[in-house]
Amino acid sequence: MNYGVEKTPKEMMLLLGERVRTLRKEQKMSRQDLADRSGVPAPTLRKFEQTGIISLESLLKLTKTLGRLEEFVSLLQLNDLESKRYLFDD
């Protein structure tokens with residue numbers, strides 16, 4: 001059981017699946033529409049929306065199709081100080 005504020009990886013996976021489903025519906029796409037546009041098979045998309053399980057490649061295809069790839073990539077962006085730190089490491 002998780003008593004802290006932070007979510008577990010499984011909880012985050014489920015949340016991502018739910019968010020993709022919400023974005024898909026906001027953009028008035030059926031699962032089959034998103035599958036066809038992204039190249040991710042419809043059964044894979046259904047499984048992701050229900051369980052949160054998906055490959056990284058498929059997740060990136062979906063986020064690109066939904067117009068959110070840059071937001072996804074920015075999550076792992078280093079801040080200026082961290083990105084220059086390597087200059088001083090041996």
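User: Which helices each supply at least two residues of the lining of the largest pocket?
Analyst: Those are helix H1 (9–26), helix H4 (56–65) and helix H5 (69–74). Helices here are DSSP runs (H or I, at least four residues), numbered from the N terminus. A pocket, on a 1 Å grid over the protein atoms alone, is an open set of points where a 1.4 Å probe fits, with protein on both sides within 12 Å along at least five of seven lines, and lining residues have an atom within 4 Å of a point.
User: Before we go on, what kind of model is it?
Analyst: It's a predicted model, where local features need pLDDT of at least 70, side-chain atom pairs count only at pLDDT 80 or more, and totals for chains, interfaces and linings use all residues. Residues are numbered from 1 along each chain as its sequence is written, and side-chain values use heavy atoms, with hydrogens and water left out.
User: OK, back to the pocket. Which helix gives the most to the lining?
Analyst: H1 does, with 6 residues. The lining includes Met-12, Leu-15 and Arg-19, along with Phe-72 and Leu-75.
User: How much space lies in there?
Analyst: About 350 Å³. That volume is the space filled by probe spheres set on the grid points, which are joined across faces, edges and corners.
User: And how does the lining divide by class?
Analyst: Into 8 nonpolar, 1 polar and 3 charged residues. Ala, Val, Leu, Ile, Met, Phe, Trp, Tyr, Cys and Pro count as nonpolar, Asp, Glu, Lys and Arg as charged, and the others, Gly among them, as polar.
User: New topic: at what angle do H1 and H3 cross?
Analyst: Roughly 120°, and their axes come within 6 Å. That makes H1 oblique to H3. Axes are lines fitted to C-alpha atoms, for helices over the stretch in contact, and angles run from 0 to 180 degrees between N-to-C directions. Under 35 degrees counts as roughly parallel, over 145 as roughly antiparallel, 65 to 115 as roughly perpendicular and the rest as oblique.
User: Which residues of H3 meet H1 there?
Analyst: Leu-45, Phe-48, Glu-49, Gln-50 and Thr-51. Contact means heavy atoms within 4.5 Å.
User: What about H2 and H4, how do they cross?
Analyst: At roughly 105°, with axes that come within 9 Å. They are therefore roughly perpendicular to each other. H2 brings Leu-34, Arg-37 and Ser-38, while H4 brings Lys-61, Leu-62 and Thr-65. By class, that contact has 2 nonpolar, 2 polar and 2 charged residues.
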